[in-house]
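Let's take a guided walk through one protein model. Keep the sequence and the 3D view open beside you as you read.

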Amino acid sequence: RGWLLTVRDALHRTTRRRSDRLLLQEQDEVADLLGLLDADALLRRVSEAGRAIAHASDVTWRSVERALAARSRRPRLRRKPTRRPLAEGVVEHEREVVLAREADIADDVGLAMRASAAATQAGLPLAVSTMERLVAETPDLPVPWPASIREDFVRLLGAGADSVSVWEDLEAAGMVVRWLPDWERIRHRPQRTPIHRHTVDRHSIEAVAEAAALTRRVERPDLLLVAALLHDIGKGWPGDHSSTGAVIAQTLAGRMGFDDDDVETLSELVRLHLLLPTVATSRDLEDPATVTMVADLVGTTHRLDLLAALTEADARAAGPAAWTPWRASLVRDLVTRVRGHLAGHRPTGERSSTVEPWARTLATSGAFDVMVSAPDLDHVAKVTVVAPDRVGLLAAVAGVLTLHRLEVRGASVDTVSDSAVQV
């Protein structure tokens, strides 16, 4: 709270007005006034403070609600709370996850992971006292992780929305960085793109929650969940975050105990996690060369399915602007074409005509016409121009659209007789 008030005071001094919104244009000056390296350093500190307050509030109100619930019970109905077993050494007690009386943290290296996984699967929080004990007494995990610990880690990630709250508690306690040292560089790191609504670390665990709903689409749900967690791990380093992240993911996957093939798959998923949306929204999907290029990069149908699910989870976690019906349809179209290519169905190299009958009739008669469809839910309209073909016609049409400040998201051009049909 003290830090947020300090930032607020610096903001007032910078803008010379009473404002509580730290806008982009003021961030560098406020950071300089506070002696910080840059705006990113400022935003990381602000995010860390805000999350600390949010976490403290969550923990406090859980205690309040539990106390009020206990007081509201009539005396004759009160009885000693039961302890329901959830996993070895882990039980539920008063709607929280605690350690069993016989649990030995020091001699059970997988207890912290097992307790965390049990909490997400039960949809319950870890008790504060339990978290404090785990942080203080849990020994470091062996490298590589034993299979049982890796399986519990996947269970921790696979509970959907319930994974987010438990992960945030683990993150606040410092346990996540002990498991994944490279996580420190993306903690509270701001995102500079308008489509993102979360910091890098929170976006990553939100992507895991989205991926949990897509696990039935892939052969290896564990690889999908871990790839979703690590897909932006390279954003803490200079350079292209996909290439850098692939190297880090390779190291972390080996640390987790995955075999060589799985390590390579995870590394490639991180390296290629932007491939499908980038190609789908910027290249001609009718062009066989586009499909061949993506197929060569992906390699197998198994990886294609993982990459498609990762793409959707990443976009949904970023925000509604990142996974619109238009983007989703383009990505699905590309995936379908690439899957056919990998299955051995090669295109003929000739693009099939998409000219509608009414436009073909007009074009055959040599007429000129322009038709504009009503915009769909994604605010996309289809403009069809039929005109006698000539050099510069496409440029003229594109120029008219540009003058009207319309963005072209896709285009096709066909020739019918001596006329051009542009869509």
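## A first look at the fold

In this protein, 63% of the contacts with a separation of 6 or more are between residues 24 or more positions apart; a contact means heavy atoms within 4.5 Å. The model is predicted, so local features need pLDDT of at least 70 and side-chain atom pairs count only at pLDDT 80 or more, while totals for chains, interfaces and linings use all residues. Residues are numbered from 1 along each chain as its sequence is written, and side-chain values use heavy atoms, with hydrogens and water left out.

The protein has 18 helices and seven strands. Helices (H or I, at least four residues) and strands (E, at least two) are DSSP runs, numbered from the N terminus. Along the principal axes, the C-alpha atoms fill a box of roughly 90 × 60 × 50 Å. Of the 423 residues, 43% are buried. Buried means under 20% relative accessible area, exposed means over 50%, and partly exposed is in between, using a 1.4 Å probe and protein chains only.

## A three-stranded sheet

Strands of a sheet pair through backbone hydrogen bonds, either parallel or antiparallel. Here, three strands make an open sheet in the order β1-β2-β3, with antiparallel pairing. Two strands pair if DSSP finds at least two bridges between them. At the edges are β1 (83-87) and β3, each of which pairs on one side only. On average, neighbouring strands of this sheet are turned by 40 degrees against each other, direction ignored.

Axes are lines fitted to C-alpha atoms, for helices over the stretch in contact, and angles run from 0 to 180 degrees between N-to-C directions.

β2 and β3 also form a hairpin with two residues between them, and Glu 94 in the turn has a positive phi of about 55 degrees. Are the faces of β3 covered or uncovered? Both are covered: Glu 96 and Val 98 are buried on one side, and Val 97 and Leu 99 are buried on the other.

## Helices with buried residues

Now turn to helix α5 (residues 128-137), where Thr 130, Met 131 and Leu 134 are buried. These residues lie on the same side of α5 because they cover an arc of only 100 degrees around the axis; the arc is that of the directions from the helix axis to the C-beta atoms. On the other side of α5, Glu 132 and Ala 136 are exposed. The buried residues of α5 pack against β3 (96-99), α4 (111-122), α7 (161-173) and α8 (175-179).

Asp 152 sits in helix α6 (residues 147-157). Asp 152 counts as buried because its relative accessibility is 12%. Setting aside neighbours within four places in sequence, Asp 152 is in contact with Met 113, Arg 114 and Ala 117.

## Empty spaces

Rolling a probe the size of a water molecule over the atoms shows where empty space is left. On a 1 Å grid over the protein atoms alone, a cavity is a set of points where a 1.4 Å probe fits but cannot get out, and a pocket is an open set with protein on both sides within 12 Å along at least five of seven lines; lining residues have an atom within 4 Å of a point. Grid points are joined across faces, edges and corners, and a volume is the space filled by probe spheres set on the points.

| Space | Volume | Lining residues include |
|---|---|---|
| Largest pocket | about 1,300 Å³ | Arg 409, Gly 410, Ala 411 |
| Largest cavity | about 30 Å³ | Glu 268, Leu 269, Leu 272 |

The lining of the largest pocket has 41 residues. Which helix gives the most to this lining? That is α16, with five residues. For the largest cavity, α12 (260-271) and α15 (301-318) are the elements that give two or more lining residues.

## A residue in a loop

Val 380 lies in the loop between β4 (369-372) and β5. Its relative accessible area is 23%, so Val 380 is partly exposed. Not counting residues up to four places away in sequence, Val 380 touches Ala 374, Pro 375 and Arg 409.
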